[in-house]
Amino acid sequence: MPNHALLLGAMPAGTLPITDPVLVFALLMLILLVAPALSARARLPGVVGLIAAGALVGPSALGLLDPERVPILETLRTLGLLYLMFLAGLSLDFAQFTALRTRSLGYGLTSFVAPQTLAVVLGLNLLDMSWLAALLLGSICGTHTLVALPVAQRLGLGRHPAVTVVAGATLVCDGLGLTVLAAVAAAMAGQIGLSFWVVFGAKLLAFVGGVVVVLPRVGRWVFRRVPLQPAGELTFLLLVLFGTAWLASLAGLAPIVGAFLAGLALNRMVPSASGIMGRVAFVGDALFVPFFLVGVGLLVDFGVLAKSGQVWWLAAVFVTIVLVGKGAAALGAARLFGHSAHGGWLMVGLSSPQAAGTLAVTFVGLDLGLFDATAVNAVVLLILVTCLFGPWLTDRAGRKVALEEESAAHTDEGAGRILIPLANPATAGALVDIAILLRDEGAQDPIHPLTVVRDGRGVEEQVARNERMLGEAVLHAVAAGAPVQPATRVDLNPVHGIVRAAKELRSSIVVIGWSGVASAGDRIFGSVLDQLLDQCQQMVIVCKTAAAINGTERVVLITPPLADREEGFERAAHAVKALSKSLDAELVVLSHAADRDRVDARLRATRPATAYSVQPLQGFEALEDELTTRSYLAGLIKEHDLLVVLAARRDTLAWRPELARLPAHLSTAFPGHSLLALHPAQAAAEAETSAVEEVSTPSELHPAIKPRPLAGSGTGRRPRLAPAAATTPTEPLAAFVRGLLAPSLPDAAATHELTARLLQIAREHPAEVRPGALFLHAHAPLWDEPRIFVGRSPEPLPAPGVAHPVRTVVALVSPEGQTPEQHLQNLAVVARAFLRGGADERLVGARTLAELQALAASSAPKAGDAKPPVETPTPA
């Protein structure tokens, strides 16, 4: 016989309420699954559906669940309320909260005093209450619970100034409400006096001071020094939450005040876009907060409401006190603070709901003899009405505010897509965190973790190993709620693979790791990173992650002389300000003294809006030496700073060879600090340089070179080329190559990019097809078949790594999609054509491989042998 008792508990069949804990949790999970979906179909917030579902299954309706028979339900409701307040403190924009603390204090006082005054007046004159009962009613109506906060957060308004003000005011209202409660209880016991206020004030100051001063230090030490896994980080936060809530009760405060202060104290260590915040929010949204909302519904007693008209009368008065008092305070504050009318109604919706904390105060009044059972039931009805009305109004007004925010948003380009080349599993998570923090709030562009495998033997095994690292990076990003698309590339040169991926994925930022050590032979960071900076035109952020970035208190940006005049400065400034805002960290800019005003003006004009300060550095030359860097910056860099260097690329306006190794100097001088070296994007030239204009096509190029239309060139859109290192405009070889390419390309920008790509090959792998004939080659998405460019210079051209003076330049451009094998075959065809052909001047007119072979064959020396057959060029 099956042991059904083990499954169903000892409860007799058909007996309600359900007392078996397994079945209770199963029913709760069913409610959490179905209620929000039904609410969405009815166009109501999910919060409303959860409260209504709780009321439906409660003891006064279907009778499935009864908190008095199943104490775990009361526990879950309490834990959910504490978690909700903790989330409120944790998700606030701390910098905005600090800036708006005066508003929060003023609105909190008004939001409490208005209902308190109205309750005293109506309680004494209309409800025939005593002074103490009227004061206690005012403390009930003056407080509020952020039941509707999840609604605002789902609308993307979690950091809106109106939401921040209401969240801060919650602390003020609850503190005042508990003070009134303590005073009323002391008065009823005859113990109120000077000693009461001294003891109460001392305990309050000791608790708040301990949380504000001690807790951030403990949290920062744990996150920076203790190697916690993601589950361990969440466990630590839960320990802080419930431990602080318990200490608040010892201090005579409500546990919800301790939970809110705990979230506020750890706010800067849990960035809003981080993986840990994603896990905290997920646990709250999936379990704790819904448990609280269902628990609120379980408090509703339909039987009492149906039997007593006095309950409805009292409930109507209580609801009027809350809505009129809170509404007047919110609308008045919104007008004073410059919010729109919809912003004012959003504040009303957030500050109206009353919840379990209200009921707890009511039961205290019942125990003191100030309230009767009718008043308690009226308060239960007040909780039901306000908890339904608040989320509904927040949803309606919040949607209007969200539309206003969207229409008023800036239209300039944000961070865009971010590419994260990964090579070290130990730093993959930190790099993903940095990329997530750089993303604009609400951005839909994905981040792209990338691994590049060097082509050769065992490539399949290496790809499989890298997939595991990519999998961890994907999980890390998903936990933070960021869209992610991993990628893998196989290339003979890892740098070429990164550059190609950045182009194919249309990435605008490349975030890459660095050990923080550069050997004496390295130019700046090391061979791979230096090559990447030469070849990649996107913004490149080189990261040394020495400490947990979520412990950052300040972001210190160092801008060398003339850095603000770089073309990519605005995008770089946007990235740094977005990072500072995501970390809720103070932004401090150390600028060259002569550039201070210009840097300040450009930062002020760059979004997102965030507080910052600009400090001048008088002796920037002190940063040129490793020994003096630490002593010069020792008084400016603090322990929990994140260092960011705005580095210039070679041959740009702000480039200074003596500052090239500044990132290495800072890494050595401050080994315990994380360091980001941010290299601004390099935009393609919009017009030919003066050096190109000096090249006269008729006199220096063969007259057979004629412009030919490109496929797709009539669309007005410039083909995208692989990013390559910028070349020096005055270099004779660069000028000659640009003049050689210009007649066949759609615009100057395409000419500049393809020239840079070809000259990169000349610097890395210079080759001659014959003495004095320089051979260049590259891939480009410009043609459907390989193209040849041959030019003859009247004067010798200096070229690096070539033994003979260059008179002839041969350039092969293969289609972007050609395989390395096909490209190498094309190289062989060009080399054989020049080796068998006669004078280089006769080959200048060639534009395709077939034309080159035909010209080479016709100009080859005649020795009586048959003309060699023309090879068929490899198709694209």
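1. **Confidence.** The model is predicted. Its chain has an average pLDDT of 77, and 83% of the residues reach at least 70. Residues 409-413 stay under 50, and the model gives this stretch five contacts beyond four places in sequence. Residues 684-730 are also below 50 in pLDDT. For residues 684-730, the model has 103 contacts beyond near neighbours in sequence.

2. **Strand β10: burial.** Strand β10 covers residues 675-679. Five of its five residues are buried, so the strand is largely enclosed by the rest of the structure. Which residues lie on each face of β10? L675, A677 and H679 are on one side, with L676 and L678 on the other. Both faces are covered.

3. **Strand β10: partners.** β10 pairs with β5, residues 539-544, and with β9, residues 641-646. The β5 pairing is antiparallel and has five bridges. Here V542 stands opposite A677 of β10. The β9 pairing is parallel, with four bridges. On that side V644 has L676 of β10 as its bridge partner.

4. **Second largest pocket: size and centre.** This pocket holds about 960 Å³ of space. Its lining is made up of 35 residues. Which of them lie nearest the centre? They are E233, G429, A430, D433 and H476.

5. **Second largest pocket: make-up.** Helices α10 (194-225), α11 (230-250), α13 (275-298), α19 (425-438) and α20 (459-479) each contribute at least two lining residues. α19 gives the most, nine residues. By class, the lining of this pocket has 20 nonpolar, nine polar and six charged residues.

6. **Largest cavity.** There are five cavities of 30 Å³ or more in the structure. The largest of these cavities has about 50 Å³ of space. Its lining includes R224, A547, A548, I549 and T552. E639, H640, D641 and L642 are also among the lining residues, as are G672, H673 and S674. The classes split into four nonpolar, five polar and three charged.

7. **Second largest cavity.** About 40 Å³ of space lies in this cavity. It is lined by L28, L73, L76, R77, F291, V294, G295 and L298. α13 has the largest share, four residues. α13 also supplies at least two residues to the lining of the second largest pocket.

8. **R602.** This residue sits in helix α24, residues 596-604. Is R602 buried, partly exposed or exposed? Its relative accessibility is 29%, so R602 counts as partly exposed. What does R602 touch beyond its neighbours within four places in sequence? The contacts are D564, R565, E566, F569 and E570. R602 and F569 are 33 residues apart in sequence, with their C-alpha atoms 8.6 Å apart in space.

Key. Residues are numbered from 1 along each chain as its sequence is written. This is a predicted model: local features need pLDDT of at least 70, side-chain atom pairs count only at pLDDT 80 or more; totals for chains, interfaces and linings use all residues. Side-chain values use heavy atoms; hydrogens and water are left out. Buried means under 20% relative accessible area, exposed over 50%, partly exposed in between (1.4 Å probe, protein chains only). Two strands pair if DSSP finds at least two bridges between them. On a 1 Å grid over the protein atoms alone, a cavity is a set of points where a 1.4 Å probe fits but cannot get out, and a pocket is an open set with protein on both sides within 12 Å along at least five of seven lines; lining residues have an atom within 4 Å of a point. Grid points are joined across faces, edges and corners, and a volume is the space filled by probe spheres set on the points. Ala, Val, Leu, Ile, Met, Phe, Trp, Tyr, Cys and Pro count as nonpolar, Asp, Glu, Lys and Arg as charged, and the others, Gly among them, as polar. pLDDT is the predictor's confidence in each residue, from 0 to 100. Contact means heavy atoms within 4.5 Å.
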